[in-house]
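Q: Could you take me through a protein model and show me how to read its strands, helices and backbone angles?

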Amino acid sequence: MTAGCWPAGLRIPGQTGTTNDGSGTIGLLDGKKALITGSRRGIGAAIALKFAAEGADVGLNDVVRDAEADKTMAGVAGLGRKFSWHQADIGNTDQRARMFDEFLEAHGRIDILVNNAVDSRDVPFLEVDEAFWDHLVGHGLKGYVFASQRAAKEMIAQGGGGKIVSISSVHSYRAWPHDSVYGIVKAGLNRMAKSLALDLSGTGINVNCVAPGYIDSRVLPLSEEPNRGGAGYADEAMEWIPSRRGGLPVDIANAVLFLSSSMADYVNGETLLVDGGLLTGGTPS
Ligand SMILES: NC(=O)c1ccc[n+]([C@@H]2O[C@H](COP(=O)([O-])OP(=O)(O)OC[C@H]3O[C@@H](n4cnc5c(N)ncnc54)[C@H](O)[C@@H]3O)[C@@H](O)[C@H]2O)c1
């Protein structure tokens, strides 16, 4: 999602105090410095806007710089927060290091890392090749692990404290057709949160995941499935979603905000499912 996709001040039916433009905010992240990967659009952009609305300065990263990225940056700037842009492939060691170096130069410290970037598509297991595995695992799991390690080192060097949140998926809990590599990657993130929470014990750094359900946000450039993305993405699953609507990027941003704030100081090593109840019962095949 970009700043221009939803009307300013959008309120989600049945929710209070949650808008996409900063109205109804309470400064949960005042003065924090947050780096969000894959944030030119979609869920990452919603997180950047939410964080800025709650008082954080944000670093936006993406492998692509385009009009959507510019809109997201304009949205953050419009909320009166400092922002920085870091074009980098988080699966590339040198580019990832440069992203952190640039972010630290711009902001002086890092309080929050949100691992969000992904570039995936459905591939039947028998057609999975090593190139696809290396691509998805390389940024979606290895990239998240080493970005978390760098962020944790910086947070410790700053004196400790911080939040690391990774975007997992309902696919981490159960299989859908042709999601083997994506599901393995996302399940790995849930487990990563547990190990990092334990190994970073005593540093004041909390490591958690958010696992979204169907979120009407994405247009997958590599996908050959035209129905995957945009409004209506969740339609096929509506009868299995107790909340009776598809998720919005702001729903995920709200959960990430919680885990990135002091409200979640005692939540560590956890994965928070945000799926409107999709996984409570039967789900589409
Ligand atoms: N949309 C959903 O229904 C849904 C459901 C469950 C989980 N998720 C997760 O939420 C996160 C965001 O998904 P989205 O729907 O907003 O996707 P999206 O495709 O709209 O956004 C992902 C962004 O990541 C960027 N990106 C891809 N590879 C990158 C790399 N190597 N380095 C830096 N940036 C890179 C892309 O350019 C894109 O802008 C992902 O981790 C995804 O797995 C989404």
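This is a predicted model: local features need pLDDT of at least 70, side-chain atom pairs count only at pLDDT 80 or more; totals for chains, interfaces and linings use all residues.

Q: Which residues of strand 4 are buried, and on which side does each lie?

A: Helices (H or I, at least four residues) and strands (E, at least two) are DSSP runs, numbered from the N terminus. A residue is buried if 20 or more other C-beta atoms lie within 10 Å of its own, exposed if 12 or fewer, and partly exposed in between, with C-beta atoms placed from the backbone. In strand 4 (residues 112-115), I112 and V114 are buried on one side and L113 and N115 on the other, so that both faces are covered.

Q: What are the pairing partners of strand 4?

A: Two strands pair if DSSP finds at least two bridges between them. Strand 1 (residues 33-36) pairs with strand 4 in the parallel sense over three bridges, and I36 stands opposite V114. Strand 5 (residues 162-167) also pairs with strand 4 in the parallel sense, over four bridges, and there V165 is the bridge partner of V114. From strand 4 the chain crosses through helix 4 (residues 130-157) to strand 5 in a right-handed β-α-β crossover (with the strands pointing away from the viewer, the path from the first strand over the helix to the second runs clockwise).

Q: How many residues of helix 1 are buried?

A: An α-helix has 3.6 residues a turn, so residues three or four places apart point the same way. In helix 1 (residues 42-53), 12 of its 12 residues are buried, among them I43, I47 and K50. Helix 1 reaches 17 Å from its first C-alpha to its last, close to the 16 Å expected at 1.5 Å a residue (1.5 Å times one less than its number of residues). G55, which follows helix 1, has a positive phi near 100°.

Q: Where do residues other than glycine have a positive phi?

A: Most residues other than glycine have a negative phi. H178, in the loop between strand 5 and helix 5 (180-199), has a positive phi of about 65°, and H178 counts as partly exposed because it has 17 C-beta neighbours inside 10 Å. R244, in the loop between strand 6 (205-212) and helix 6 (249-260), has a positive phi near 60°, and R244 is exposed, with 11 other C-beta atoms within 10 Å.

Key:
Residues are numbered from 1 along each chain as its sequence is written.
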